[in-house]
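Here are some notes to keep beside you as you look through this structure. Please take the points in order, with the model open.

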Amino acid sequence: MARALRLADRGKYWARPNPHVGCVLVRDSAIVGEGFTQPAGGDHAEVMALKSAGDAARGSTAYVTLEPCAHEGRTPPCSQALIKAGVARVVVGLRDPNPKVDGGGLSDLVAAGIDVTEGLMADQVELQLAGFLLRQRRGRPRLRIKLAMSLDGRTAMASGESQWITGADARRDVQRLRAESCAILTGIGTVLSDDCALTVRDAFFDDEFLPPPERRALRVVTDTHLRTPSSAAVLQGAQPSLLLHAQGAPCTASLANVERLAFPLVGDGLDPAQILAALAARECNEILLESGPTLAGAMLQSGLADQLIVYIAPVLLGSRARPLFELPFDRMAEALRLRLLDRRQIGADQRFVFESQKAG
């Protein structure tokens, strides 16, 4: 199963919206076949493993990180493929909470006389598929907020100048976060001040697993009043883009061919819960927020932020520089408590991963 988990990671940049799954077939104590989820419409992990094993799959044990699917989607059901191949035993890491599966694949296998074991290394599968599982169970994607700051908690100079607070190693690590995400979310303020492209660079990927630009993360801008210029870098190139705006916001002719989605105005902006629900409806599992203090603060206050990924550079920007969040708290009772999940050195910088204790 550990080998299946490592294989699953090889599909994490291209499997979306499907979960990235790994499968290993073992017969007479030897691996006879293995596979991992191919791009949507391609082979699932089980089918890839069965093809690599050929006739050796008969009588084998299949180790699969997630329950084999039992429904006809873009591909035939994997449970039936395992049955047809004559697999004798299936060991599953985690049951698939997708309502189209949710035990159906396991039931098919048991009905066919196949020995089924469930729950091996389930905690590791939960971590690996966190965004997919959250969308299936609670109807929203996982939201991670990425922040880069100075040692004194600042993100940019008062003028907006921010390149570069962190070093090259930290910036490459952010490329990994982008590549793992289904959507990269930012606000209009960041677009206007930084002209950010929010792309995933070709050089990041191993050549063998290079997804085409149109299959990479959706770039999403919250732009209440449709102020994004048509020349903005975030709208250029083959990597897809989406503007989220208030209903009734005037659309200039230059944005007529840009994909847009309207929301009711809530106060002065857009409702974070509605934003995440809309992205879940587009089958987004993982959202990475890269924005300024206003949108980051709103998402954190909404209780919908699952993780904060904070890169801290050994530099001081001073008291005039811009803060990490806009959080207008007045009392200690309003303070948001975080739990540290991970801390490590990334080049000259430190990376902290926190879990919000109020994520809804």
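1. Let us start with Glu-34, which is partly exposed because its relative accessible area is 25%; buried here means under 20% relative accessible area, exposed over 50%, and partly exposed in between (1.4 Å probe, protein chains only). Its side chain meets that of Arg-3 in a salt bridge, 2.6 Å from N to O. A salt bridge is counted when a side-chain nitrogen of Lys or Arg is within 4 Å of a carboxyl oxygen of Asp or Glu. This pair links distant parts of the chain, with Glu-34 in strand E2 and Arg-3 in helix H1 (residues 2-9), 31 residues apart. Arg-3 counts as partly exposed too, at 31% relative accessibility.

2. A word on the source: this is a predicted model, in which local features need pLDDT of at least 70 and side-chain atom pairs count only at pLDDT 80 or more, while totals for chains, interfaces and linings use all residues. Residues are numbered from 1 along each chain as its sequence is written, and side-chain values use heavy atoms, with hydrogens and water left out. Helices (H or I, at least four residues) and strands (E, at least two) are DSSP runs, numbered from the N terminus.

3. Where is His-44? You will find His-44 in the loop between strand E2 (30-36) and helix H2 (45-53). With a relative accessible area of 19%, His-44 is buried. Leaving out residues up to four places away in sequence, His-44 touches Asn-18, Phe-36, Thr-37, Cys-69, Thr-75 and Cys-78; contact means heavy atoms within 4.5 Å.

4. Moving into H2, the buried residues include Ala-45, Val-47 and Leu-50. Their cover includes strand E1 (22-27), E2, strand E3 (61-66) and helix H3 (78-85). Just after H2, Gly-54 takes a positive phi of about 65°.

5. Next comes an open sheet of nine strands with mixed pairing, in the order E11-E10-E9-E8-E12-E6-E13-E16-E15. Its edge strands are E11 (260-263) and E15 (338-346), each pairing on one side only. Two strands pair if DSSP finds at least two bridges between them.

6. Which residues of E9 are buried on each side? Leu-218, Val-220 and Thr-222 are buried on one side, and Arg-219 and Val-221 on the other. E9 pairs in the parallel sense with strand E8 (residues 183-187) over five bridges, and with strand E10 (residues 241-246), also in the parallel sense, over four bridges. In these pairings, Leu-185 stands opposite Val-220, and Val-221 opposite Leu-243.

7. Elsewhere in the sheet, strand E13 (residues 307-313) runs antiparallel to strand E16 (residues 349-356), joined by six bridges. Ile-312 stands opposite Gln-350 there. Phe-354 also lies in E16 and is partly exposed, with a relative accessible area of 21%. Among the contacts of Phe-354, beyond neighbours within four places in sequence, are Leu-308, Val-310 and Leu-340.

8. Finally, back to salt bridges, which come to 19 by the rule above. Arg-339 and Glu-355 meet at 2.7 Å, N to O; Arg-339 lies in E15 and Glu-355 in E16, so the pair ties together parts that are 16 residues apart in sequence. Arg-176 and Glu-180 form another, with their closest N and O atoms 3.1 Å apart; both lie in helix H7, four residues apart, about one turn of the helix. Glu-180 is buried at 17% relative accessible area, while Arg-176 is partly exposed at 22%.
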